[in-house]
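The stops below tell you what to select and what to look for at each one.

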Amino acid sequence: MSVFDLIAENQIQDYNRRKANGEVNESQTIKPEEKTSFESHLFKSIVGCYEKAAEKPVGERQSLEERAENLRMQLLIGLEQKGMRITAQSMSKELMAKRQAILGCE
């Protein structure tokens, strides 16, 4: 067993011991989040960059817009590499529409 396995095993045993003794508040236990795809995370990050850029003065938006464009290219290339060309086109159009709505850009 590696050191990390031993540490993990000890933490699991400690948690189980504390839970058995009533020391763990179940309402504070972290619940797993809904699983989403990597592409979905990228899409949300791109929209987030647009929203943050909208809060900045026009002169300070460039770095956020560049980041959004880099993420957009990563998303579209990833989809095309998976053979999802129609999805890539659809997402590209959707991102352009969101960019237009949020930033008012072409």
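Select Arg18 to begin: its relative accessible area is 28%, so it is partly exposed (buried is under 20%, exposed over 50%, partly exposed in between, with a 1.4 Å probe and protein chains only). This is a predicted model, in which local features need pLDDT of at least 70 and side-chain atom pairs count only at pLDDT 80 or more, while totals for chains, interfaces and linings use all residues. Residues are numbered from 1 along each chain as its sequence is written, and side-chain values use heavy atoms, with hydrogens and water left out.

Arg18 forms a salt bridge with Asp14, with the closest N and O atoms 3.2 Å apart; a salt bridge is a side-chain nitrogen of Lys or Arg within 4 Å of a carboxyl oxygen of Asp or Glu. The two residues are 4 apart in helix H1, which means about one helical turn between them. Helices are DSSP runs of H or I with at least four residues, numbered from the N terminus.

An α-helix has 3.6 residues a turn, so residues three or four places apart point the same way.

Next, select Glu39 and Lys82. Their salt bridge has its closest N and O atoms 2.5 Å apart. Glu39 is buried at 13% relative accessibility, whereas Lys82 is exposed at 55%.

Move to Arg61, in the loop between H2 and H3. Does Arg61 count as buried or exposed? Arg61 is buried but has no salt bridge, and the nearest side chain of opposite charge, Glu65, is 5.0 Å away. Lys and Arg count as positive, Asp and Glu as negative; His and the chain ends are not counted.

Finish at the largest nonpolar core, which has 16 residues; among those touching the most other members are Phe43, Ile46 and Leu95. Such a core is a set of buried Ala, Val, Leu, Ile, Met, Phe, Trp, Tyr and Cys residues joined through side-chain atoms within 4.5 Å. Its largest share, 7 residues, comes from H2. Beyond its neighbours within four places in sequence, Phe43 is in contact (heavy atoms within 4.5 Å) with Leu75, Met91, Glu94, Leu95 and Lys98.
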